Each structure stands twice: as structure tokens, then as C-alpha cells.
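Please work through each task before reading its solution.

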Amino acid sequence: MALMGYYVEDLKPGMSESYSHTVTERDIQLFGELSGDMNPAHFDEAYAATTPFKTRIAHGMLSASYISTILGMQMPGPGTIFMSLTTKFKAPVKIGDAVTATCTVREVILEKRRVIFDCVCKVKDLVVIEGEAMVMAPSRPKG
């Protein structure tokens, strides 16, 4: 284990980690400020009422960022380099929803230190995001 994470040599297909977070008004405000995405679907209830969702929704990338939390902090963890993420947004996330992201190792390419993960974010049993991530994982120190 590396700094509360895993070395590439320790990862096997089927291993998984999860992270859960309940989306708050503050999360949406901060994410909008940091990202510059101030779309009224996230901030204006009157506007949001005219959308297919009928209420304000969280930024899709806010929920996708929980995938980054897993990969950078849990598995593989510190020292991981995020290389790619494909996402399909399947359903909206609303203020107060508890989002659980799960990343499961699909493939380990040891010689290149690459790990491919199947990723999913859910609110209860509803899939809100599904995708695939590839990272470069830290290797066990020689010696």
C-alpha cells in the first residue's frame, strides 16, 4: 500500500472503492464559481422550472469529480496520474441527493502502469453517470 492507496502491482480486476457525498447548495455555488459554469439550470429556480428536470440540478461534472476523489485518494490513491475519463450522464442530480461513486478495476497493464476502471455514480439505485477511467498508478519502489 502506498500512502493510504495501492501500488499498480497490488491491483487486480474486480477490486473496487466507493465514495459518497450529499450535494449541497454550497457545493453548487462553489463548483459554479470555480468552474465558471453559472448555467441558470443550476442557479435559477424559475428558469430551471422550464427545463425537462423542472427544478435546479447539480453540475454533471460535480458528480463526475467524485470519480477523481476515488482515483486520487483511495484507489490507486496518492501519486496517481489521471489520464482519461469518458462519461455518460444518465439522470440529473438534485440538491440533497446522496451520490455514491464506485470505481472497479477492469484491467491492469502492469508494464505501462496503466489501470482501466469501470466507473458509476448512483443516487440510491438510479445510475446518474457511467463511464471509464484510465490512470497511471504508482509503482512499488525498487529495493
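**Exercise 1.** Determine whether Glu 132 is buried, partly exposed or exposed, and identify its salt-bridge partner.

*Solution.* Glu 132 has a relative accessible area of 29% and is therefore partly exposed (buried is under 20%, exposed over 50%, partly exposed in between, with a 1.4 Å probe and protein chains only). Its partner in a salt bridge is Arg 106, with the closest N and O atoms 2.7 Å apart; a salt bridge requires a side-chain nitrogen of Lys or Arg within 4 Å of a carboxyl oxygen of Asp or Glu. Glu 132 belongs to strand S5 and Arg 106 to strand S3, so the pair ties together parts 26 residues apart in sequence. Strands (E, at least two residues) and helices (H or I, at least four) are DSSP runs numbered from the N terminus.

The model is predicted: local features need pLDDT of at least 70, side-chain atom pairs count only at pLDDT 80 or more, and totals for chains, interfaces and linings use all residues. Residues are numbered from 1 along each chain as its sequence is written, and side-chain values use heavy atoms, leaving out hydrogens and water.

**Exercise 2.** Describe the salt bridge between Glu 25 and Arg 56.

*Solution.* The N to O distance is 3.0 Å. Glu 25 lies in helix H1 and Arg 56 in the loop between helix H3 and H4, 31 residues apart. Glu 25 is partly exposed at 32% relative accessibility, whereas Arg 56 is buried at 12%.
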